[in-house]
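Visitor: I have a model open and would like to talk it through with you. Could you take me around, beginning at the surface and then working inwards?

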Amino acid sequence: MKDNNCGYCVGGEPLAKFGIKICDLDVSQLILFKEQSHPGRCIVAYKDHVSEIVDISDADRNAFFADVNRAAKAIHKAFNPDKVNYGAYGDTGCHLHMHLVPKYKDEFEWGGVFEMNPQKKFLSDEEYNEMIEKIKACL
């Protein structure tokens with residue numbers, strides 16, 4: 001099931017507004033969040049356009065969290081954060097996904113909840129590509 005208005009479903013320009021696809025995982029896709037106030041911030045988006053975790057089978061739920069775990073391990077290995085925060089939202093987009101937000105002591109927002117889109121740090125295409133290759137090498 002896909003939604004033609006959803007960046008996670010259709011990719012292209014709707015996705016490019018906020019992210020860059022890194023790769024497909026078992027039941028989801030890994031996306032680099034363009035706003036990089038937290039170096040290595042990514043999104044794991046489920047393969048189908050469903051709103052809730054309760055809308056998928058137990059097997060797919062377990063596989064989705066295995067994808068989240070795989071992405072988190074890669075982020076830890078590639079960027080050495082002090083902590084990764086996990087956020088599952090979707091009041092407006094309604095596509096099952098999880099934000100993986102690396103947090104670093106003595107840096108932006110340490111000790112507090114991460115801001116959804118702080119609009120503070122964007123990178124060059126070359127910097128995004130370097131970050132994507134670093135993550136891929138750690139998957």
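**Surface, sheet and salt bridges**

Guide: Y89, V113 and M116 together make a nonpolar surface patch of about 310 Å². Please keep in mind throughout that this is a predicted model.

Visitor: OK, and where does M116 sit?

Guide: M116 belongs to the loop that runs between strand 5 (97-103) and helix 4 (125-138). Its relative accessible area is 33%, so M116 is classed as partly exposed.

Visitor: Helix 4, then: which residue there could we look at, say E126, and is E126 buried or exposed?

Guide: E126 lies in helix 4, and because its relative accessibility is 55%, E126 counts as exposed. If you want a distance from there, E126 and E107 are 19 residues apart in sequence, while their C-alpha atoms are 24 Å apart in space.

Visitor: Changing topic, in what order do the strands of the sheet come?

Guide: The sheet is open and has five strands in the order 1-2-3-5-4, with antiparallel pairing. Its edge strands are strand 1 (19-24) and strand 4 (83-87), each of which pairs on one side only. On average, and with direction ignored, neighbouring strands of this sheet are turned by 25° against each other.

Visitor: What holds strands of a sheet together in general?

Guide: Strands of a sheet pair through backbone hydrogen bonds, and the pairing can be either parallel or antiparallel.

Visitor: How many residues of strand 2 are buried?

Guide: Strand 2 is mostly covered, with six of its six residues buried. S28, L30 and L32 point one way from the strand, whereas Q29, I31 and F33 point the other way, and all of them are buried.

Visitor: Why would side chains split into two sets like that?

Guide: In a regular strand the side chains alternate between the two faces of the sheet.

Visitor: Next, strand 5: what are its links to strand 3?

Guide: Strand 3 (residues 42-46) runs antiparallel to strand 5, and four bridges join the two. Within this pairing, C42 has L100 of strand 5 as its bridge partner, and V44 stands opposite M98 in strand 5.

Visitor: And its links to strand 4?

Guide: Five bridges join strand 4 to strand 5, again in an antiparallel arrangement, and among the residues involved is V84, which stands opposite P102 in strand 5.

Visitor: Which way do the side chains of strand 5 point?

Guide: H97, H99, V101 and K103 point one way from strand 5, M98, L100 and P102 point the other way, and all are buried. Strand 5 is thus mostly covered, seven of its seven residues being buried.

Visitor: Which strands does helix 3 lie across?

Guide: Helix 3 (residues 58-79) lies across strand 2 (28-33), strand 3, strand 4 and strand 5, and it runs at about 20° to strand 5.

Visitor: Last topic, charges: how many salt bridges are there?

Guide: With a side-chain nitrogen of Lys or Arg required within 4 Å of a carboxyl oxygen of Asp or Glu, the count comes to two salt bridges. One is formed by R61 with D58, where the closest N and O atoms are 3.1 Å apart. Another is formed by D24 with K21, where the closest N and O atoms are 2.8 Å apart.

Visitor: How far apart are R61 and D58 along helix 3?

Guide: R61 and D58 are three residues apart in helix 3, so about one helical turn separates them.

Notes: Residues are numbered from 1 along each chain as its sequence is written. This is a predicted model: local features need pLDDT of at least 70, side-chain atom pairs count only at pLDDT 80 or more; totals for chains, interfaces and linings use all residues. Side-chain values use heavy atoms; hydrogens and water are left out. Patches are made of residues with over 30% relative accessible area and no salt bridge: like charges are joined within 9 Å, nonpolar side chains (Val, Leu, Ile, Met, Phe, Trp, Tyr) within 5 Å. Accessible areas come from the Shrake-Rupley method with a 1.4 Å probe; for residues, only the protein chains shown count as cover. Buried means under 20% relative accessible area, exposed over 50%, partly exposed in between (1.4 Å probe, protein chains only). Two strands pair if DSSP finds at least two bridges between them. Axes are lines fitted to C-alpha atoms, for helices over the stretch in contact, and angles run from 0 to 180 degrees between N-to-C directions. Contact means heavy atoms within 4.5 Å.
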